[in-house]
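Dear colleague,

Please have it open while you read.

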Amino acid sequence: MSTATNSTSATIAPKGSATAEVRKSLHDHLRKTAGFIKILDLLVLMFFWICGGLTLWLTACIIDHWIVALPVIARWAFWIIGVGVTGWWLTTKIAPLLLRRINLIYAAKRIENLVPEFKNGLISWLELEELPENGVPKGVMAALAYRAKRYIGDQEPSATVDTSPLIKLIACMLLLVTGMVVYSMATPKSVAVTGQRILFPWSDLTSPARVSILNVEPGSTEVTQGQALDLNVEVNGLREDEPVFVRVTTLDGQIRDQRKELVAITEGFRYGGQVVTTGSGIEQELDYWIEAGDAQEGPFRVRINPLPTVVLKSVELTYPKYTGLKPRTIEAGAAVEAVEGTRATIVAEANQVLRKGVIEINPEVDEN
C-alpha cells in the first residue's frame with residue numbers, strides 16, 4: 001500500500017530536472033504556437049480579403065453585364081467600398097497583428113479550444129507559472145505541467161491549433177475563383193473590363209460588350225485631300241446577319257453622325273468600306289467611329305493633307321513681232337481678269353495693227 005502511494009506521488013509531483021524539462025518544453029511549445037497563430041491569422045485575414053474582393057467583383061460584373069451598365073457614380077461607389085474596407089482592414093486587423101506579439105495565454109486558450117480536455121488546465125498552469133509568489137505547492141504545479149505535457153505531447157503547433165477557418169476560407173476562395181472562370185467562359189461580356197472599370201472609376205473605359213472590335217485599320221490617319229479612306233475592320237461575337245457601321249462627323253460640323261454600313265469580306269469577322277464626304281473623297285477633317293452590335297470603337301481622327309495649289313502672282317504678255325506691241329506684265333490684282341480677257345485684247349490690238357484688213361482675226365476662233 002505504501003509502495004503504491006509513493007509511486008502515485010512520484011507520478012503526480014515529480015521533481016528535479018525532469019520537471020524543469022517539462023516546463024521548458026511547454027514554454028517552447030507555447031512560443032512556437034504563438035508564432036504559428038500569427039501566421040495563421042494573417043493568412044485567414046488575407047484569404048478573407050480575397051474572398052471579399054472576388055465577391056465585390058462578381059457582383060459588379062452581374063450588374064454591369066445584365067442589369068445596367070455601371071455609371072460613373074456606381075463605379076466610384078464600388079471603388080470606395082473596396083478601398084475603404086481595405087484601409088480599415090489594414091489599420092485595424094493586419095497592422096496590429098504584424099506589430100504586436102501573440103500573448104502566450106492567448107496561445108494557450110487557442111490550444112484549449114481545440115483540446116477541451118484541458119479544462120483551463122494549461123491556462124491555469126501558465127498564469128500560476130508567471131506569478132512569482134503564487135502560493136501553490138510545487139507538487140501541484142508539477143502535476144499541472146505534466147498533465148499539460150501529456151495532452152500536447154510532441155505535436156507540432158499546427159496540430160494543437162484549430163486551422164479549420166483557414167481551410168474553409170481557402171475552399172471559399174477556390175469556389176469563387178471557379179465561379180468567376182465559369183462565368184467568364186459563359187458570358188459574352190468581359191469580366192476583366194468590368195474589373196478595370198471599378199478599379200479605375202476615373203477612366204473613360206466603356207461598358208463591356210457582347211461584340212469585340214478586334215482591329216480597325218487604318219485607325220487615326222492622314223489622307224490627301226480628295227482621296228477616299230479605305231477601312232478594314234475585324235470583329236468578334238456578331239450574330240448572324242448583324243451589320244457593322246462606320247459613323248462620321250466632320251470637324252466643321254457640315255456632317256454629323258452620318259452612318260454607312262460596311263461590306264462583309266468574311267461574314268462575322270472582317271468588314272470593309274470607304275469613307276467619303278463629297279464626291280469620291282474627303283475634303284475636310286473628320287472623326288469616325290466603328291459600331292458593331294453593342295460595341296463601339298473610336299473616335300479615330302482623319303486629318304487632311306491639302307493638295308498643292310498655284311497662286312497667280314502676275315501674267316507676262318509677249319506679242320508677236322508683226323503686231324508691233326511691246327511686252328507687258330499684269331500684276332496679281334488684275335491677273336485673273338487679264339487672263340480671261342487676254343485673247344480678246346490680243347485680237348482687238350492685232351486687228352488695229354492690221355487695219356487694212358488683209359487678215360481679220362475672228363475672236364470666236366481659238367488660234368492658241
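A residue is called buried under 20% relative accessible area and exposed over 50%, and partly exposed in between. Phe200, with a relative accessible area of 38%, is therefore partly exposed. Please keep in mind that this is a predicted model.

As for the rings, the count comes to seven aromatic pairs. In one of them, the rings of Trp79 and Trp202 have centres 6.0 Å apart and planes at 80°, and because planes over 60 degrees apart count as edge-to-face, that is how this pair is classed. The two residues come from distant parts of the chain, 123 residues apart, with Trp79 in helix H3 (residues 72–99) and Trp202 in the loop between helix H9 (191–199) and strand S1 (212–217). Trp79 has a relative accessible area of 26% and is thus partly exposed, whereas Trp202, at 53%, counts as exposed.

Trp202 also forms an aromatic pair with Phe200, which is again edge-to-face, at 5.8 Å centre to centre and with 75° between the planes. Taken together, ring pairs join Trp76, Trp79, Phe200 and Trp202 into a cluster.

Two arginines may also be worth a look in the viewer. The charged end of Arg247 sits over the ring of Trp289, at 4.4 Å from the ring centre, and the charged end of Arg259 sits over the ring of Phe245, at 4.0 Å from its centre.

Definitions and conventions:
Residues are numbered from 1 along each chain as its sequence is written. This is a predicted model: local features need pLDDT of at least 70, side-chain atom pairs count only at pLDDT 80 or more; totals for chains, interfaces and linings use all residues. Side-chain values use heavy atoms; hydrogens and water are left out. Rings of Phe, Tyr and Trp (its six-membered ring) pair if their centres lie within 6.5 Å; planes under 30 degrees apart count as stacked, over 60 as edge-to-face and the rest as tilted. Helices (H or I, at least four residues) and strands (E, at least two) are DSSP runs, numbered from the N terminus. Buried means under 20% relative accessible area, exposed over 50%, partly exposed in between (1.4 Å probe, protein chains only). A charge sits over a ring if NZ of Lys or CZ of Arg is within 6 Å of the ring centre and within 35 degrees of the ring normal.
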